[in-house]
Amino acid sequence: MDNRSDIRDFLASRRARISPEQAGLLPGGGRRRVPGLRREEVAVLAGVSTDWYTRLEKGHILGVSEDVLEAVARVLQLDEAERTYLFDLARSAAKPNRAPRRRSKAPIQPRVQWMLDTMTGSAAFVANGRLDVLATNTLGWALHSPMFDSPRRPANFARFQFLDPQAHDYYQDWEGAANITVALLRAEAGRRPHDTQLRELVGELSTVSEEFRTRWAAHNVRIHHNGAKQFHHPVVGTLDLSFCTLDLPSDEHSGLRLTLYTAEPGTPSEDGLKLLASWAATKATTTTAGQPAPAPDRP
């Protein structure tokens, strides 16, 4: 696959953020024309020639050893997600060129929906790497009911955040949530460069949303494991919730992930989540295995 532009932009952006002092170099060398490290400085620190590193930063990653990539990752001070993304780009470049393909929808096994339905105290859902929500329990649907207001299925976090005006009220820190969403999609693009549906999603959002387009160009990546998020739900108000995301084992290796949102015991957010569960019990309609319930009319 020809992913040279992604490699070039990613490495150049990471190099630009590392100052000589951060890299352990002595100050000096006159006026600098570029932010961050120069190419030759990265090359020296990584133990390769300047010509070699210049070729790498131009996108010629095919055949580069893991040891060299590790050295470059160390010099550029890449975090776990960024290092994984760099190695994903290298693996993609090593594969024979082929036309992008449309992945068939990963089946949600009935046992997954049964598991979700037993989680009555947490808001839980299963999503793929494109951030399509493929299954949810009742409380998970209720928490994200503004997203499910749209009849388009599968519901998608990125489309909601960048195309639905409700999102700015729903996420207390919309800027932070938007940054994370784009970084997750960028990481998925490194893992699955031939995913036609992902490319279509990125193309749609880049065309319609300048906010998305700007963030996509930053080449930031993220691995989403756990954290905290604050919502302003139209039914129960502010909710401060913790979340944990786990890879869901699958025979199809489809990259599905289970996410759970919980509230700290004894807090107003726990009360709000219980109130939301009560509201959902009166509003939620019957679900089919693997499909979120359609959003009901607001009370």
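Biologist: With which side chain does the side chain of Thr245 make a polar contact?

Modeller: A polar contact is a pair of N or O atoms within 3.5 Å; within protein, one must be able to donate a hydrogen and the other to accept it, and residues adjacent in sequence count only if both atoms are side-chain atoms. Here the partner of Thr245 is the side chain of Thr259, at 3.0 Å. This is a predicted model, in which local features need pLDDT of at least 70 and side-chain atom pairs count only at pLDDT 80 or more, while totals for chains, interfaces and linings use all residues. Residues are numbered from 1 along each chain as its sequence is written, and side-chain values use heavy atoms, with hydrogens and water left out.

Biologist: Is Thr245 buried or exposed?

Modeller: Buried means under 20% relative accessible area, exposed over 50%, partly exposed in between (1.4 Å probe, protein chains only). Thr245 has 10% relative accessibility and therefore counts as buried.

Biologist: How do helices H11 and H13 pack?

Modeller: Two packed helices are described by the angle between their axes and the distance between the axes. Axes are lines fitted to C-alpha atoms, for helices over the stretch in contact, and angles run from 0 to 180 degrees between N-to-C directions. Helices (H or I, at least four residues) are DSSP runs, numbered from the N terminus. For H11 (residues 174–191) and H13 (residues 210–217) the angle is about 55°, with the axes 9 Å apart.

Biologist: What are the values for H1 and H3?

Modeller: H1 (residues 4–16) and H3 (residues 50–57) pack at about 120°, their axes 8 Å apart.

Conventions. Helix = DSSP H or I, 4+ residues; strand = E, 2+ residues; numbered from the N terminus.
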